Amino acid sequence: MTRRDALAWGGVAALVVAALVWAAWPSSGPPTAAQRAHELATELRCPDCQALSVADSPSSSARAILVDLQRRAAAGQSDAAIRRVYVDRYGESILLKPSSSGFGILVWALPVVAVALGLAGLGFAFARWRRQPRLAATPADETLVERVRTG
Amino acid sequence: MRHPARWAALGVGVVVAVLAIVLATQVGTNPQAETERSQLVGKRAPTFSVHAFDGQTLSSQSLAGKPVLVNFWNSWCIPCQQELPSLLQFEQRHAGDTSFVLLGVVRDDTTDAARQYAAAEGMTWELAADPGSSLALAFGTRGQPETYAISPSGVIAGAQIGPTSVGNLETLLAAARTVR
């Protein structure tokens, strides 16, 4: 790898790291109870709607849940405890995102494993191509090229 | 590692196989099944306190010791109107029986509309409003009508999601009487 290549790859890596840090950096302090309630409302399915979140639904039950979420968040209950209350009451189907534990973890884990294996496969393939010796021109090749050049 | 590409291919194969098994085990599973039954059956009923149409306050504490059938309903929903004859017949069959309580809770309706409808249809059992839908939420209702049977000790003994029938109400009442 030349110095120029190393610089280019280093620049790309720095950009990726900077983007990840920027995305993960908290925009301000800890969320307020209202912000937490709203965030939870986007994760919960409105019980008497087809595919709307509690945050998006204007139904009376969605409004009741939003009030309950605000009350629980203001009382200091953790997000996980609040989710658990609703799963106990309605089942896992109340969650718009699959659970990250039990059987639901497969939904999250399988794509990651597939991507990791794909990257590993690419890495092996690149390494294999690099190990193959470059082809050297034989005298017959040299003669052929010379013949073409001289016309 | 002698053949890394083969190992990578094997790994991909394993992932695909696991995915196939997951899909195969889920085939035939009705994703709506969870919405057709209550998660609360066998658990303690939520504590509540509601204002009945006749002015008295009904609470889980005041009703403790008796089986309670809680029916969520409203004046505009067609399935509620369809189950009404069953509720009327059930109430008539048990007229004068004070060993249990049938409690109708208004869900997603105005109290005035529900009162007028109840009076017009001759609904003589206990009826109560649920301002803020807190009781409907506590029972994990997904709509109306829904009926829950609570045992004298406060355990949810059974539930009917959707319109009920006289036979179903009798079954719920029997379950509520049986569960300790």
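This is a predicted model: local features need pLDDT of at least 70, side-chain atom pairs count only at pLDDT 80 or more; totals for chains, interfaces and linings use all residues.
Local features are described only where pLDDT is at least 70, side-chain atom pairs count only at pLDDT 80 or more, and totals for chains, interfaces and linings use all residues. Residues are numbered from 1 along each chain as its sequence is written, and chains are lettered from A, with ligands numbered from 1, in the order in which they are written.

**View 1. Where chain B touches chain A.** Here 22 residues of chain B are in contact with 22 residues of chain A; contact means that the C-beta atoms of two residues, placed from the backbone, lie within 7 Å. On the chain B side, α1 (4-26) and α5 (134-138) each put in at least two residues. The biggest giver there is α1(B), with nine residues. Helices (H or I, at least four residues) and strands (E, at least two) are DSSP runs, numbered from the N terminus. Sorted by class, this side of chain B holds eleven nonpolar, eight polar and three charged residues. For the classes, Ala, Val, Leu, Ile, Met, Phe, Trp, Tyr, Cys and Pro count as nonpolar, Asp, Glu, Lys and Arg as charged, and the others, Gly among them, as polar.

**View 2. The open sheet of chain B.** Five strands line up in the order β5-β4-β3-β6-β7, with mixed pairing; strands pair if DSSP finds at least two bridges between them. β5 (126-128) and β7 (156-161) sit at the edges with a single partner strand each, so one side of each has no neighbour in the sheet. From one strand to the next, the twist averages 20°. Zoom in on β3 (residues 68-73) and β6 (residues 146-150) of chain B: they run antiparallel and are joined by five bridges. B:Asn71 faces B:Thr147 of β6(B) across this pair.

**View 3. Two crossing helices in chain A.** The axes of α2 (residues 33-43) and α3 (residues 60-74) of chain A come within 8 Å and cross at roughly 135°. Axes are lines fitted to C-alpha atoms, for helices over the stretch in contact, and angles run from 0 to 180 degrees between N-to-C directions. That makes α2(A) and α3(A) oblique to each other, the label for whatever is left once angles under 35 degrees (roughly parallel), over 145 (roughly antiparallel) and 65 to 115 (roughly perpendicular) are taken out. From α2(A), A:Ala33, A:Ala34, A:Arg36, A:Ala37, A:Leu40 and A:Ala41 meet A:Leu66, A:Leu69, A:Gln70, A:Ala73 and A:Ala74 of α3(A). By class, that contact has nine nonpolar, one polar and one charged residues.

**View 4. Domains in both chains.** An automatic or database domain assignment sets the bounds. Chain B splits into domain 1 (1-30) and domain 2 (33-178), with 49 Å between their centres, taken over C-alpha atoms. Chain A splits into domain 1 (3-97) and domain 2 (105-150), and their C-alpha centres are 43 Å apart.

View 5. Most residues other than glycine have a negative phi, and most peptide bonds are trans. B:Gln144 and B:Pro145 are joined by a cis peptide bond, with omega about 0°; B:Pro145 is in the loop between α5 and β6 of chain B. B:Asp108, in the loop between β4 (101-106) and α4 (111-121) of chain B, has a positive phi near 60°.
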